[in-house]
Each structure stands twice: as structure tokens, then as C-alpha cells.
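Hello,

Here is the structure I promised to pass on to you.

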Amino acid sequence: MNITDKNIIILDEVESTNNYAKQLIADKAEEGTVVLAHYQENGKGQQGNFWESEANKNLLFSLILYPNWLGAGKQFLISKVVSLALVEVLKIKIEDVSIKWPNDIYVGSKKIAGILIENTIKGTNLESSVIGIGLNVNQELFVSSAPNPISLKQLTGNYFQIQSVLNEFIATFYSLLNDLKQGNYSKINETYLLNLFGNNEWRLYRKEGKEFVARIVEIGNFGQLKLEEKSGLISEFMFKEVEFVVL
Ligand code: BTN
């Protein structure tokens with residue numbers, strides 16, 4: 001599925017595509033509307049961080065969905081589908097792509113894409129979802145304090161057409177979203193786990209300054225990370241409650 005002209009709003013400059021999309025939702029925008037920007041003055045990252053992106057170099061967009069068919073308790077499945085669609089698109093172009101829990105897209109030990117999903121809930125189900133994605137495409141120099149950014153251009157030496165990458169993402173995303181609508185949760189959960197950074201490895205984690213060795217068992221419906229220690233003890237962590245120790 002490609003996006004039609006009617007579904008895409010292209011802006012030279014905007015404060016944040018996510019905020020713009022939320023305003024469109026308030027104005028009853030159609031499901032599937034995409035807001036694409038060449039530059040964001042205040043691109044939002046997770047945890048209130050700023051998302052660095054040089055003008056005209058990267059893919060910056062937000063997609064509007066109304067997933068009222070999905071229980072609020074299952075909302076992390078949307079995040080899984082978004083991460084998997086990005087991984088699928090990137091794997092065609094580069095190697096060593098993975099998802100760093102909960103939803104950073106990595107190439108080796110560097111971050112190539114970030115995802116910021118903002119949901120509203122009505123009753124027991126989701127009402128709206130703004131899926132914001134920043135994918136580093138053609139930028140060659142990063143200047144912010146973000147620890148480890150990388151772009152497709154830096155990895156391959158090639159220039160990529162930003163809107164073609166967007167179309168590839170959209171097609172892949174809708175196909176995976178269809179699996180979600182059909183209730184194929186186990187397929188999504190398994191593929192997400194398979195593509196997870198550190199999956200199937202005993203690795204060092206840190207919680208409140210204390211390091212321990214564990215391996216990933218699964219990611220729960222709320223996005224919680226379930227880790228098993230060598231003693232067999234299984235514990236659950238929400239985002240930022242635990243960190244990977246990078247040696
Ligand atoms: C992260 O911190 O990893 C998430 C980054 C998400 C950035 C994208 S860029 C397009 C969309 N609009 C925003 O303001 N943020 C997201």
C-alpha cells in the first residue's frame with residue numbers, strides 16, 4: 001500500500017509532526033493520514049528528549065491510526081508492529097539490524113531510528129494512536145548529545161530517497177498491522193523477540209546500580225521486559241527500571 005496524495009501532508013518545517021498529528025485528530029483527520037516534515041524545530045524523543053535531525057536529510061513523520069479494535073492492555077503490540085516494520089525495511093538495505101527494547105532501532109550498537117507513539121484510550125480500548133518515527137537516512141554528522149546515532153548514508157555510503165523509504169515502511173507496516181487485526185499475536189510476539197537486541201544471550205543488566213547476568217524471556221503486553229537469572233528467578237521491568245550494560 002502506498003500513501004495517496006490525499007493522505008500525506010508534507011511540511012517544510014513544523015514544531016513536531018506528532019503534535020501536528022494530534023491537532024489533526026482533534027479536527028477529525030482520516031485514519032492513515034501521514035504528516036511528513038523536512039525539519040522539526042522541536043522534534044520530540046522519548047522521556048522528553050529532543051530528536052536531532054538536520055533539515056532535509058532524514059525521514060520524520062507521524063501516522064494517524066484509530067485502533068479502537070485493540071484493548072488498551074494490548075497497546076504495546078502496536079509498538080511491536082511498528083518496530084518490526086522498520087526492521088523489515090532496513091534489513092533489505094543493511095545488516096545487523098535489531099530492536100533495542102522497548103522500541104529503539106539499532107544497527108550493531110548504534111541507533112538508526114526512534115519511535116514515539118502517543119495513544120489515547122476510550123473505555124477499555126485504544127481510541128487514537130499517533131505513530132511518530134524518526135529514521136536517520138542521509139545525515140552524515142550528528143551534533144547533539146544523543147549517545148550513538150548512525151544513518152543509512154553513513155553505513156552504506158549511499159544516498160536514499162526519503163519518500164521511497166516512507167512508502168516501503170507504509171506497505172510493510174499495513175501488512176503487519178493486518179496480522180495484528182487478525183489476532184496473530186503469537187507471530188508478532190515471536191518475531192519481535194527474534195529481532196530483539198540481546199535475545200537468547202546471557203548478558204549483563206543493571207538495576208539501581210547493581211549488575212546481574214540474565215537473559216530475555218519475553219516482552220509482556222505492556223512492554224515490560226521479563227528477565228531470567230541463572231538461578232531461574234524471573235523478574236519484570238518497565239522501561240528505564242533496568243538498563244543493558246554495554247561493555
Ligand atoms: C526516541 O527518542 O527514540 C523517539 C524519537 C521519535 C522522533 C520522531 S521524529 C517524528 C515524530 N515527531 C516527533 O516530534 N517525534 C517523532
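A network of salt bridges links Lys22, Lys44 and Glu118. By salt bridge I mean a side-chain nitrogen of Lys or Arg within 4 Å of a carboxyl oxygen of Asp or Glu. Glu118 belongs to strand 6 (residues 110–122) and Lys22 to helix 1 (residues 17–26), so their pairing ties together parts that are 96 residues apart in sequence. Helices (H or I, at least four residues) and strands (E, at least two) are DSSP runs, numbered from the N terminus.

Please keep in mind that this is a predicted model, where local features need pLDDT of at least 70 and side-chain atom pairs count only at pLDDT 80 or more, while totals for chains, interfaces and linings use all residues. Residues are numbered from 1 along each chain as its sequence is written, and side-chain values use heavy atoms, leaving out hydrogens and water.

How accessible are the partners? Lys22 is partly exposed, at 35% relative accessible area. Here buried means under 20% relative accessible area, exposed over 50%, and partly exposed in between (1.4 Å probe, protein chains only).

Two further pairs are worth a look:

- Asp179 and Lys187 form a salt bridge, their closest N and O atoms 2.8 Å apart; Asp179 is buried at 13%, whereas Lys187 is partly exposed at 44%.
- Glu211 and Arg206 form another, with 3.1 Å between the closest N and O atoms; Glu211 is partly exposed at 41%, and Arg206 is partly exposed at 25%.

In total, the count comes to 14 salt bridges.

Best wishes
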